[in-house]
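Please look over the assembly shown below before reading the notes that follow it.

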Number of protein chains: 4
Amino acid sequence: MSDHPVLRYVSAGAWSLVEPLFSQRAKDLLIKLIDFMEIDVLPSEKLFHAQIPTHPPEARWASIPPILETLRDKAKKLGLWNLWLSGGDFQGMAGGQGGGLSNLEYAVMAEIMGHSAILAPQATNCSAPDTGNMEVLARYGTSEQKEKYLVPLLKGEIRSSFSMTEYGVASSDATNLRNTTALPSSSGKTLSVKGHKWWITGAGDPRNVIHIVLAVTDPKNPSPHKRHSLVLVDPRAKDVKIVRPLTVFGYDDAPEGHCEVVYDGVEVDVDGGVVGGKAGLGRGFEIIQARLGPGRLHHCMRSIGIASRALDILLQRVSDPNRKTFGKYLKEHGTVLADIAHSRAEIDAARLLVLAAARRIDIGGAKGAMQDIGIAKFTVPSMALKVIDRAMQVHGAEGVSEDTPLAYYYASLRTLRYADGPDEVHIQQIGKNELKRVERLRSRIERIKKESDKLLNEHGKVKARL
Amino acid sequence: MSDHPVLRYVSAGAWSLVEPLFSQRAKDLLIKLIDFMEIDVLPSEKLFHAQIPTHPPEARWASIPPILETLRDKAKKLGLWNLWLSGGDFQGMAGGQGGGLSNLEYAVMAEIMGHSAILAPQATNCSAPDTGNMEVLARYGTSEQKEKYLVPLLKGEIRSSFSMTEYGVASSDATNLRNTTALPSSSGKTLSVKGHKWWITGAGDPRNVIHIVLAVTDPKNPSPHKRHSLVLVDPRAKDVKIVRPLTVFGYDDAPEGHCEVVYDGVEVDVDGGVVGGKAGLGRGFEIIQARLGPGRLHHCMRSIGIASRALDILLQRVSDPNRKTFGKYLKEHGTVLADIAHSRAEIDAARLLVLAAARRIDIGGAKGAMQDIGIAKFTVPSMALKVIDRAMQVHGAEGVSEDTPLAYYYASLRTLRYADGPDEVHIQQIGKNELKRVERLRSRIERIKKESDKLLNEHGKVKARL
Amino acid sequence: MSDHPVLRYVSAGAWSLVEPLFSQRAKDLLIKLIDFMEIDVLPSEKLFHAQIPTHPPEARWASIPPILETLRDKAKKLGLWNLWLSGGDFQGMAGGQGGGLSNLEYAVMAEIMGHSAILAPQATNCSAPDTGNMEVLARYGTSEQKEKYLVPLLKGEIRSSFSMTEYGVASSDATNLRNTTALPSSSGKTLSVKGHKWWITGAGDPRNVIHIVLAVTDPKNPSPHKRHSLVLVDPRAKDVKIVRPLTVFGYDDAPEGHCEVVYDGVEVDVDGGVVGGKAGLGRGFEIIQARLGPGRLHHCMRSIGIASRALDILLQRVSDPNRKTFGKYLKEHGTVLADIAHSRAEIDAARLLVLAAARRIDIGGAKGAMQDIGIAKFTVPSMALKVIDRAMQVHGAEGVSEDTPLAYYYASLRTLRYADGPDEVHIQQIGKNELKRVERLRSRIERIKKESDKLLNEHGKVKARL
Amino acid sequence: MSDHPVLRYVSAGAWSLVEPLFSQRAKDLLIKLIDFMEIDVLPSEKLFHAQIPTHPPEARWASIPPILETLRDKAKKLGLWNLWLSGGDFQGMAGGQGGGLSNLEYAVMAEIMGHSAILAPQATNCSAPDTGNMEVLARYGTSEQKEKYLVPLLKGEIRSSFSMTEYGVASSDATNLRNTTALPSSSGKTLSVKGHKWWITGAGDPRNVIHIVLAVTDPKNPSPHKRHSLVLVDPRAKDVKIVRPLTVFGYDDAPEGHCEVVYDGVEVDVDGGVVGGKAGLGRGFEIIQARLGPGRLHHCMRSIGIASRALDILLQRVSDPNRKTFGKYLKEHGTVLADIAHSRAEIDAARLLVLAAARRIDIGGAKGAMQDIGIAKFTVPSMALKVIDRAMQVHGAEGVSEDTPLAYYYASLRTLRYADGPDEVHIQQIGKNELKRVERLRSRIERIKKESDKLLNEHGKVKARL
């Protein structure tokens, strides 16, 4: 195994399994990405935060820290742009020169980007919800929609939101999303979008010019899965009200934010304003299903990186020669060593789950990988939270303050335990999937039992009961 | 991905990662092994147990169930013999035609053998402690020792024990093993082996003709790691006393057993009786180190298989249409589904850790894989115990009885949490290994911090504190 | 707080809360019990086990170790007999001079008896299932039944079984128990008991002369809770077949055992053979409900004692000066200290739960204490298993062998996670109970919210959303 | 047991144990407190938050929400003022009419106050760090110091800080606190206080007029525990710099705050400026030890209340008829019921630990209760965090936002895992305490073993090994 710089980030065991599946180009790109992270992205973190005004509140949402643009320019030059783009639907499209990577290759890169989870994905145009929105537009958009929204998104000129969760509604069961409608307006020529959504990520961003809104367009369709469409709404329209940025713990995530939004009768026309035009009517559910698989895994990939960075921070703290307590360096306490070892093992195991799921997508598509993605989805955030919590604890009070990124990481990852479906939904789903094995299992076991009984008879032994 | 029967046993995610690293021969062998398991081994389990007398006690240790010999003959014919043998040290040796598999390939096979953890390893001559003993003899034995012990072991004609743990001594720190000696007898021509050992696996087996005993031969050597040698003792000698089989949660594991053994002045000659002859004197510690790495992983591989079988048993039970409680099938209870999902995820993650460690051995040898092996060593048995415990719980009382194999599995796997070093030792070791990263980490972080400060200065921002 | 010897066993915190609720008599009895434990019971444990033959199998069930009788005689003389007996139903009855203790007082004594969980309860006639059976007979038996069975049970002359769990039936939902019947025989004068039960504790005991069998006597009763009666069956009758003792892990618990039993048409007459005679017909469910409450708590009390003893054993082991590993005594390892501290805290917390539940029975009866008993029921065994597991782990292999009592304790306590209802049933029940609070909670919260809104209005503040 | 309104807050089991230890006055006060909470405090929470300006930043620290003063006035009138005050050191002092409650009685009240953890303790003058500071001044202050600071604190006219944690220093080992000094100034008449502290709770409060600062006054004293004194510093002095409020998970806790503070050569005179005057020199460590015990327990009491409120919030959410997912109300999901049951059990167990510790203080003083306090200290916050986390999870995204108090609770309680000593320190300490039992344990066990061996001999049985 070559001494690839990736070994600074990824366990030798994992790399030994996946290296043979990496193209030479991907290995080279990985080196470039690591350099970009260490030379450009990580050193820019503090400046990025310093460039966001602390007050007045409205100033926090008015502009984007200039350092981010600097990083984005550099990423483009380095060919580290749209790495998540595997080609396929985007081929030949202006701005569509992405990574062309396999999901497995991208998984390793996304993990490394997770070491600077706020900056790196944005710097490389690999951040949610834009990536998922670009997939939706590429696969289902009309050519005008692609021209108007997909191309500038690919170029990183605009940003977008995905507007799904409804205020006051148990949205983890998507069939509950019934209160946002896009019904024919009185004129009959347009649809009038009315609804109250929240947790609309990126809706605070000044660059945001498009919300993809899940709305009921056919309320009487007998199938509850055919009533919705995805509607394109310009957030600058007068009937869109950004009510407030919601906070996560005490963080407002300016300038992107997770906002509460009211659509108060915004007019959109069917051809331009429904994803896929008239043909897209009623296909809302179908499209969001397709959108979620790889997106869930992208979150997991980055989360592994966040957990790894938390462990790095922990390691440095417990090795700090100024941090002696009760006659020992922190790293000499047996319980600290145990925390480190468990964190190491848990990160390594979770990464392998994510890599296996990514590989499964490469082989069988997102649909074939649902079991592996689901397992990663409910395993990774909890794991990462444990690691971060241990890192906080060795820091004492400093660990929960703004002087380390740990509390912010914790808050961010805590949201992943319900985003794109709460853990419980995925857990129940995996449990049910697993039960599908029973039929074949039982017939195998019965065959074995029959043979076993035959053998016992032949040898004059009492037949066992069970 | 082909629809290989291995997918009945191994998650699609794991297989998708390792399949490209499997030779065609290994894939074919895997099919053969699965057939052998389902057609021969699994149906023979009950007969095997029925062929062990229940009393008088001495009868339990007097003979080997005939069905085992039947299985061994078949395994030889099928080429499923000595699968663990990778070639190397054994090439050209009588009986030395083993699997010639990579550790990764063998890992998958060993897991599948774990589905019948008592029978399958013995049936294929892949069981501990013989495999480790064969490695010791192949690498360090004299040619006579190879002829006398290694060849019959490879052929499966005899069995062996590894005699290390001392009675009344904290043996997890091997430097504590000071009470068993092999010092020159009065004649000066032989060594007299004296010591009190216990937990000597296989010492109850009637086929056992050789104990490899760790004993002090050079008590005054200044290095505590050069005082020991491995001494070959025939357990049938008059000065060897098999005191008793020890029980594990009430099980005596007849006819193999884990015995307490007293060596009461057994005479061995230096050339024939010390592994490696005169040249082997003082090399006891060096040799056992080399012995442990892959052996630890073999245990992990099989444990994954045991956990998988426990989950299979759980799935069948909760799907049993006769097991309705409070108006629901067991499988309809949300907590049962959660147990299943967590078991699935934990098994899948643990398997990937084991596969990664096996791959690391293939690339860098056991030494290069110590970190990955260590992580697997302390992760897998605890994981498997959790899965088995859940399986027991859904069975109620039946789960702890002899009517399912679960309690026996639990007892067996519980021993792995200290065998070959207790979890705690491995955990502390991994913690320490991880701390070795700090030096490089710190220099990287300092470089990043310097860059960050420079950027802040350039942009007129207050230098952040940390 | 006096320096009562109970402080060797019970935390000062717990004692400080309950001492004011102890009568002087109970405090004195407690001292006597502790002396009896330390002078008589604990030193007899090894002899008790040594007096049970190891083979042939039938010998293990043929007699009771004589030392037990010695202890029982002494306990009677010391007034430590039938301590569980609170008076009430037993007053004035031959042999009915019990402890007359409150449940709280008995709870502390039962915990201390748990330090020798096999011997002490039997030595003091406080062991299951006899105690529960005596309660049943005292409350519901006819005067003849009391004379014939209750009096000798109170005197400790005979033993009894409670025969409920059915073979092949999900018995945790008692309404599933439909396959054992006691229907009129052809003669019409007797009932013929037919059924297949298992896990009948004490059915192997040579002193056992009575099984209280739950059987369907009125299969067509519209209420599924009125179909059963408790039938008294003499296990020496020819139509009773003790099929086998079941093992728990590898232990057969001779000479008491947990047996599989077939009742193959045993004739009993209605007046003598149904608990309560004719009036008892159809009251089986009512009676077993009454039986279970305090019995569940007795198990919890003893389990606290078992966990405490395991911790004592752990403390001794880690303080053993011969057990130095890697240059440290075991007790110097930080993770060992953490294990000790967590065990201490968990035992102390669990004990308080049990004491609170016992006090609740004293105040409001078993029915009023169901919530507290239920919480103890699912909390205590899991806690104790964790403590025992830690104790095993510091012993290495010895911890799972017959050389410490730990593995046996583990096996015994593992059964409590499903005995008298699996954890899951109690957990769901407590969850549902807790939800009953919602109605009152909601009205309180709504009143508070209304006041809050009023205040906000008065002060010209925007009304909060939630 | 009377149907006391406390049963809305405290489990019946706990109340049944402690009710007999409550005076009638305490029971009556408890009713008053509950009314005050439900009628006044809880409805004022939203207004309190609404009365804190959101910006500019400096405005957040400029004033105290007027509603708080309203509540404080009412509490005084109701006699719910200084409930924590047990009499003793405060008797006869102006403003010193406190609760006169036992610690056990106060524990229950503090838990109930925890249901509004921000407002209720302040409203009743029972909040940290003032309570601990008042104890310090009452016990160790000179009469002038009492007049100047203690009396207004008791009356609630001023607030105070305790300034201990040093910036950049591992403060969990208090002997590390060496960088803040109060050494004779050049004039020789005063001490000059120099140091850099942080996490100074309440230092942002506009009412704060006194910091009690731990500083080295005798750096050369051979005993590291006699080098420090507690120095009284007026935060309005020109050489005191409040650097910044630190955030906890993004919350600044205005207007109290946890601040970074630099003392840049503040002059204090020895008589007035050192707690206890000249006689107090060198007694810093002695005094802070005395301060910590009950204070730690007060935090635990309130934390039980916070956890209980989180469970109440969870119960309401899962019972919300609008929150149906996948055809079920949240409360019908088995895993939700399990979460509820575990939360109920964990809160109940933790409360009992706290009550036992409080009772121990009543009987043996804080020193005698160190073991019980320590166990509560490391058990309660982790427990409460688990309960809050479950409550967050059933709320989805809303649970981490400002629309429920849960994320804020989580952040607050997370700090308790290191405040007043990190969990690890307490865990190690309890482990070591427990080991002190070994000596007596061993002699008891040896006596038992001797008796056991004697019995075995007498009965001709082989002496057991261990």
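**Briefing on the predicted model**

In chain B, the buried residues of α12(B) pack against α9 (284-318) and α11 (370-395), where helices (H or I, at least four residues) and strands (E, at least two) are DSSP runs numbered from the N terminus, and where two residues are in contact if their C-beta atoms, placed from the backbone, lie within 7 Å. This is a predicted model, in which local features need pLDDT of at least 70, side-chain atom pairs count only at pLDDT 80 or more, and totals for chains, interfaces and linings use all residues. Residues are numbered from 1 along each chain as its sequence is written, while chains are lettered from A and ligands numbered from 1 in the order in which they are written.

**Helix α12 of chain B**

- Helix α12 (residues 406-415) of chain B is largely enclosed by the rest of the structure, because 10 of its 10 residues are buried; a residue is buried if 20 or more other C-beta atoms lie within 10 Å of its own, exposed if 12 or fewer, and partly exposed in between, with C-beta atoms placed from the backbone.
- Among the buried residues of α12(B) are B:Tyr408, B:Tyr409, B:Tyr410 and B:Arg414.

**C:Gly250 and its surroundings**

- C:Gly250 is found in the loop between β6 (240-246) and β7 (258-269) of chain C, and it counts as partly exposed because it has 19 C-beta neighbours inside 10 Å.
- Across to chain B, C:Gly250 touches B:Thr247, B:Phe249, B:Gly250 and B:Tyr251, residues up to four places away in sequence not being counted.
- C:Gly250 and C:Tyr408 are 158 residues apart in sequence, yet their C-alpha atoms are 9.1 Å apart in space.

**Chains A and C**

- The contact takes four residues from chain A and four residues from chain C.

**Domains of chain A**

- Chain A is divided into domain 1 (5-127), domain 2 (159-282), domain 3 (286-435) and domain 4 (437-466), with bounds that come from an automatic or database domain assignment.
- The C-alpha centres of domain 2 and domain 4 of chain A lie 58 Å apart.
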